[in-house]
Amino acid sequence: MRIVDIRERTLPISSPIRNAYIDFSSMTLSLVAVVTDVVRDGRPVVGYGFNSNGRYGQGALLRDRFIPRVLAADAGSLLDDDGTNLDPHRIWTTAMTNEKPGGHGERSVAVGTLDMAVWDAVAKIAGRPLHHLLAERYGSGTADPRVFVYAAGGYYYPGKDVSALQDEMRGYLERGYRVVKMKIGGAELEEDLRRIEAVLDVLGPGRQLAVDANGRFDRDTALAYADALSAYDLFWYEEPGDPLDYALNAAVAERYAGPLATGENLFSAQDAANLLRYGGMRPDRDWLQLDCALSYGLVEYLRVLDVVAEHGWSASRCIPHGGHQMSLAIAAGLGLGGNESYPDLFQPFGGFPDGVAVVDGYVTLPDLPGIGFEGKKDLIDVMRSLA
């Protein structure tokens, strides 16, 4: 058993939308295929992975450093103890050979993309859905395929007025979502409050709104928004300031009684530890959003969950960023609190397998081998063009 090839292609996921910090007009991602010599149903087993939106494709890093290290390794060194499957931890260690500590960011995205493809291959070789495999290896032993999801949208868009924002949110509610999210910080406070109130007007009982500033604010602005947002019953106030400004986050947590959410722009277990040590996060109400596809993959995310537990947090307070099926599998297998989703954006990479519907804010994962990409036709067609 061995890895025959690893391939990468950089693809566009561009869109005219913007948040408080960036627009997505030139956004790309890396798609990776890990090709093995194992055959199932007459086809070689291929694991697929890609990085989440918000960071660009990582083709150069993958081709120049991480892929060559894995392909040059002795095949046996990448297998588990029984020699019956690939070992994601050993492959991760091989990919990270000669990499210094620190220096996360783009490197973590490249490794996270490769890691996703490896886990997809591992679960397919085992003939198991990844969420079941994870529950058996690292969780309670039994996966819960029913996962909470929220609809991420409410971006700033050319010509998009408050009425269009309300129509967008109504559409999410009609599809079965109970929690919706919108962007703030890309307009003046007074305008954002009008937008928030317009969305709240279309939410019925049991439905909530989350708001996301994408790290835009300085301390004074973050606190001014915290004061204003305190008037509303929000699901959370997300990433008010720079993701590494733990003092700012702690100041907001001290001032704002409602739930906070952050972590999508943190990329390692050490980052998670620093947030929990210094960021003022409260385990009874706040949410952690680290995204395995941006932060060295599931191998590192397992370390993140260890850090979360060591600081007295439950994994159920983790709702990853990214809106992809890998985080859905982790949520179902390891008891996370749910997952982000993008009903209309970043397709075909976001979303769920075909036929999976949102019911009262939850989806139920089908029993598909691997991560389940083969259950989403528009996505697997793109993936197979690489392999």
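Start with the aromatic rings: this predicted model has 16 aromatic pairs.

Select Phe-148 and Phe-235. Their rings make a tilted pair, with 6.0 Å from centre to centre and 40° between the planes. Colour by secondary structure and you'll see that this pair links distant parts of the chain: Phe-148 is in strand β4 (residues 146-152), while Phe-235 is in the loop between α7 (219-229) and β7 (236-238), 87 residues apart. Both Phe-148 and Phe-235 are buried.

Buried or exposed, what is Trp-287? Its relative accessible area is 12%, so Trp-287 is buried. Phe-235 counts as buried too, because its relative accessibility is 14%.

Now widen the selection to Phe-148, Tyr-150, Phe-235, Trp-236, Trp-287 and Tyr-362, which ring pairs link into a cluster. Stay on Tyr-362 and show Arg-146: the charged end of Arg-146 sits over the Tyr-362 ring, 3.8 Å from its centre. For another such arrangement, go to Trp-92, where the charged end of Arg-303 sits over the ring at 4.4 Å from its centre.

Last stop: Glu-264, in the loop between β8 (260-262) and α9 (269-278). Glu-264 is buried but has no salt bridge; Lys-181, the nearest side chain of opposite charge, is 5.0 Å away. Show what Glu-264 touches beyond four places in sequence, and you'll find contacts including Asp-212, Glu-238, Glu-239 and His-321.

Key:
Residues are numbered from 1 along each chain as its sequence is written. This is a predicted model: local features need pLDDT of at least 70, side-chain atom pairs count only at pLDDT 80 or more; totals for chains, interfaces and linings use all residues. Side-chain values use heavy atoms; hydrogens and water are left out. Helices (H or I, at least four residues) and strands (E, at least two) are DSSP runs, numbered from the N terminus. Buried means under 20% relative accessible area, exposed over 50%, partly exposed in between (1.4 Å probe, protein chains only). Lys and Arg count as positive and Asp and Glu as negative; His and the chain ends are not counted. A salt bridge is a side-chain nitrogen of Lys or Arg within 4 Å of a carboxyl oxygen of Asp or Glu. Contact means heavy atoms within 4.5 Å. Rings of Phe, Tyr and Trp (its six-membered ring) pair if their centres lie within 6.5 Å; planes under 30 degrees apart count as stacked, over 60 as edge-to-face and the rest as tilted. A charge sits over a ring if NZ of Lys or CZ of Arg is within 6 Å of the ring centre and within 35 degrees of the ring normal.
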